[in-house]
Amino acid sequence: AAEAAQVSRIVTQLALCYPEIGFTLTSSGRKVVQCPPVASLRDRLFQLYGERNDLVEVRRDGGDVKIVGYVAALAEQGPTRGPQNVFVNRRIVKDRTIAHAIIEAYSVASIKERSPEVHLFIEMPHDALDVNVHPTKAEVRFRDQSYIHQVIRRTLGDAIGRGPAPEWTLEPSRPGDASPSTLPLPADFGATFPSRWSAEPFAPVAPLAPLAPLAPRAPLTPN
């Protein structure tokens, strides 16, 4: 099962990288991948993953580094999790500089800690990278890593910003939810105060008891 999953992953990556070529993968008599040749990456993505409204297009045509692809859009629950397929000059690679640029691009736009789905195709001059740093050619070393990091981070950030804004849903309160209320007065506070917005009239105030008459003072006598 593990070997079959690995083969399926590799064939899927090759199919993404070469949409103009048809791919068919059969396992135990069942067709796992069947992709006739198509004219664009978007058509190949549809063949492999179906209609994906949760992906936004990435494109950078100017300069010596060109980038095309599709990445996860923002959402209320965070960007869609999924595989991260990164190709450099049509070679699938795993690179820490690119991975860090992807994380930084999403960390600016979302607080959700997720592994976003990414399908990136990067083209650059062959003398701008070294492909002989790993026996399986799965890793590369860029001549200017800071520049590549900056280009990828900004390109993804622009694409995410152009994508649809996440939809926020306000849910109605459910039975049993605590309703807003005022805090009670301390228990030893022996008085209540009617509200001035209350429809009930104030209770009448009892009249004051009459004061007792003062006793007459004795007359003053001269010395």
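This is a predicted model: local features need pLDDT of at least 70, side-chain atom pairs count only at pLDDT 80 or more; totals for chains, interfaces and linings use all residues.
Select Thr-12, Ala-15 and Leu-16 in α1.

Now show both helices whole: residues 2-17 for α1 and residues 41-49 for α2. Their axes come within 9 Å and cross at roughly 155°. Angles over 145 degrees count as roughly antiparallel, so α1 and α2 are roughly antiparallel to each other.

Next, go to the largest nonpolar core, which has 30 residues. Select Leu-120, Ile-122, Met-124, Ile-152 and Leu-156; these touch the most other members. Color the elements that give two or more residues to this core: β3 (55-60), β4 (66-72), β5 (84-88), α3 (96-109), β6 (118-123) and α4 (145-162). Helix α4 gives the most, with 6 residues.

Stay here and center on Met-124. Beyond residues up to four places away in sequence, Met-124 touches Asp-64, Val-65, Val-88, Asn-89, Leu-129, Phe-142 and Ile-148.

A second, separate core comes next, with 8 residues. Pick out Leu-16, Leu-55, Phe-87 and Phe-121, which are among them.

Finally, zoom out to the whole chain. Color by secondary structure to see 4 helices and 8 strands. From the N terminus on, they run α-β-β-α-β-β-β-α-β-β-β-α. Buried residues make up 29% of the 223 residues.

Notes
Residues are numbered from 1 along each chain as its sequence is written. Side-chain values use heavy atoms; hydrogens and water are left out. Buried means under 20% relative accessible area, exposed over 50%, partly exposed in between (1.4 Å probe, protein chains only). Axes are lines fitted to C-alpha atoms, for helices over the stretch in contact, and angles run from 0 to 180 degrees between N-to-C directions. Angles under 35 degrees count as roughly parallel, over 145 as roughly antiparallel, 65 to 115 as roughly perpendicular and the rest as oblique. Contact means heavy atoms within 4.5 Å. A nonpolar core is a set of buried Ala, Val, Leu, Ile, Met, Phe, Trp, Tyr and Cys residues joined through side-chain atoms within 4.5 Å.
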